Protein chains: 2
Amino acid sequence: MEELRGKEVVEAIQSECLSFVQKEACLPTLAVLRVGEKEADMSYERSIKKRFQDFGLEVKDYHLEENCSNQEFQEVFRFLNEDPEIDGILVFRPLPPQIDEEEMLSVMKKEKDVDGVTSSNLAGLLLQDPDAFAPCTAEAVMELCKYYKIPLSGKEVCIIGRSLVVGKPLSVLMLNADATVTVCHSKTENSKEVAKRADVLVVAIGKAKAIGSSYSKEGATVIDVGINVDADGNLCGDVDYDTMKTVAEKLTPVPGGLGAVTTAVLAKHVVKAYQLLH
Amino acid sequence: MEELRGKEVVEAIQSECLSFVQKEACLPTLAVLRVGEKEADMSYERSIKKRFQDFGLEVKDYHLEENCSNQEFQEVFRFLNEDPEIDGILVFRPLPPQIDEEEMLSVMKKEKDVDGVTSSNLAGLLLQDPDAFAPCTAEAVMELCKYYKIPLSGKEVCIIGRSLVVGKPLSVLMLNADATVTVCHSKTENSKEVAKRADVLVVAIGKAKAIGSSYSKEGATVIDVGINVDADGNLCGDVDYDTMKTVAEKLTPVPGGLGAVTTAVLAKHVVKAYQLLH
């Protein structure tokens, strides 16, 4: 079994970003906008700030109180959206209920939407718009497949999970890459049988170790998008690694798999945003 | 074998539209904008004008010369887009090369986009926005399934074809209806085998009689989206009806199947546009 580690993918993306930044002598900048103090948000923010240095990028962080007013939020957001020194904007979601997310999305510049949350970027996936940003996690799966030269054209790809941030956009990206794509979800009647047909199985359901070897055929490539904490407090994926490794030919570990690639894709998007805006 | 005829579906949609129009004593109006004189466009236009009367709706048609300027086109389009007497706009595409389609799409009101071509309506499919318009042909498949009570939740639906007007949007609509969705296309390696797994097989590839009984399991529902002309000059679908009827349990004929449902869905969208705008 070959372990598909994220580290090498991250290094490849990093060297692409660094070479652009050094050649252009520029400093593409991401604004991170956080409302409140959710631990998951703060942890992702720390990891972005730490890693972006290695990519030659700047991060500016903006924090608002959990109970800030909608007006206050929209003013900060519009400032970042207009500021020529900001290339990309990442807003942690879900936002508190008093914040009008639609108002934010309706004004957000497509070019600064580096996490692919606006309608124009979502539609861009279907339209195969080369300037559109896909949600970072979905694109991280594509980057991993590209780096490890996983054949996709004409192959059967099964995605378990149909969320707006992974399953749905990934199904479009995989279709655009000429894969034969099946999306499974909680209502699927025979999901083991369906998943077993896949040459490439992608799991994104957010349930610790829920998908074991009975979901994969011998020799498949299995990509685990999940990041969960197990009963012992350790990080784990949606895939039960220990049983899956007995049937899969290629498999991403958690931790050490897709997580860091997602942050690297965010960095790549900030560089692309800089290019689109300049 | 049960024939899934379009006529009954059209009548159901028609009586819905008529009852709204009569209750509200209103006249929802579609503007049809055609550039040039393509026979396929003119034929669809005639059929819309004829059928919309029966739905209690008005059609206003606007024609421009094939060689009209982009400025001329955009002026007419903006006039219709702003005119409070126009509820929906249908523009025949593709447009001649001198017309800037993106300019048109960027200003088009989401509420008037009754054929679901703008980014906000395409994204609305992924976002499950109840006010979004899906492309009429894709939604016609859903209406047909609804009318004939074809089970979709948890069932395997295979769509052959991945166009922007049918395959891609339909895959999202089917996923939103809790089907387990597979999309096949020209690059799919084993398309017969894949198609044979389907409880519901939808064919939208635009090739006369290309899909025969070897693509369907016994007892499947087969929906033929194609409208082609065969070697003898007769209308036919993408499905080879004569062989398919020996294995499929339910099958749409061509003509007499989905075509008229698409026009009925357009009518339903014009009524919905009227509701959104008023």
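Some housekeeping first. Residues count from 1 along each chain as its sequence is written, chains are lettered from A and ligands numbered from 1 in the order in which they are written, and side-chain values use heavy atoms, with hydrogens and water left out. Because the model is predicted, local features need pLDDT of at least 70 and side-chain atom pairs count only at pLDDT 80 or more, while totals for chains, interfaces and linings use all residues.

Let's start where the chains meet. The contact (heavy atoms within 4.5 Å) draws 30 residues from chain A and 30 residues from chain B. Together the two chains bury about 2,700 Å², with 54% of that on carbon and sulfur atoms; buried area here is the accessible area (1.4 Å probe) that two parts lose on being put together, summed over both. On the chain B side, B:Leu126, B:Lys168 and B:Leu175 supply 24% of the area that chain B buries against chain A, more than any other three residues. Charges take part too: there are 8 salt bridges between chain B and chain A, each one a side-chain nitrogen of Lys or Arg within 4 Å of a carboxyl oxygen of Asp or Glu. For instance, A:Glu189 and B:Lys155 form a salt bridge through their side chains, at 3.2 Å from N to O.

Now look at the helices. Helices (H or I, at least four residues) and strands (E, at least two) are DSSP runs, numbered from the N terminus. In H5(A), the residues A:Asn121, A:Leu122, A:Ala123, A:Gly124, A:Leu125 and A:Leu126 are buried, where buried means under 20% relative accessible area, exposed over 50%, and partly exposed in between (1.4 Å probe, protein chains only). Those buried residues pack against H7 of chain A, and also against helix H5 (119-127) and H7 of chain B. H7(B) itself is mostly covered, with 9 of its 10 residues buried; among them are B:Lys168, B:Ser171, B:Val172 and B:Leu175.

So what about empty space? Rolling a probe the size of a water molecule over the atoms shows where empty space is left. On a 1 Å grid over the protein atoms alone, a cavity is a set of points where a 1.4 Å probe fits but cannot get out, and lining residues have an atom within 4 Å of a point. Points are joined across faces, edges and corners, and a volume is the space filled by probe spheres set on the points. By this rule there are 3 cavities of 30 Å³ or more.

The largest cavity has a volume of about 150 Å³. Of its 14 lining residues, A:Ser171, A:Val172, A:Val183, B:Ser171 and B:Val183 lie nearest the centre. Both chains take part: helix H7 (167-176) and strand E6 (180-184) of chain A, and helix H7 (167-176) and strand E6 (180-184) of chain B, each supply at least two lining residues. By class, that lining has 10 nonpolar, 2 polar and 2 charged residues. For these classes, Ala, Val, Leu, Ile, Met, Phe, Trp, Tyr, Cys and Pro count as nonpolar, Asp, Glu, Lys and Arg as charged, and the others, Gly among them, as polar.

The second largest cavity comes to about 60 Å³. Its lining includes B:Ile89, B:Arg93, B:Met104, B:Asp113 and B:Asp115, and strand E4 (residues 88-91) of chain B gives the most, with 3 residues. The class count for this lining is 6 nonpolar, no polar and 3 charged residues.

That brings us to the backbone. Most residues other than glycine have a negative phi, and most peptide bonds are trans. B:Arg93 is joined to B:Pro94 by a cis peptide bond, with omega about 0°, and B:Pro94 lies in the loop between E4 and helix H4 (101-107) of chain B. A cis peptide bond also joins A:Arg93 and A:Pro94.

A few residues take a positive phi. A:Ala25, in the loop between helix H1 (6-24) and strand E2 (29-35) of chain A, has a phi of about 50° and is exposed, with a relative accessible area of 69%.

Notes
On a 1 Å grid over the protein atoms alone, a cavity is a set of points where a 1.4 Å probe fits but cannot get out, and a pocket is an open set with protein on both sides within 12 Å along at least five of seven lines; lining residues have an atom within 4 Å of a point.
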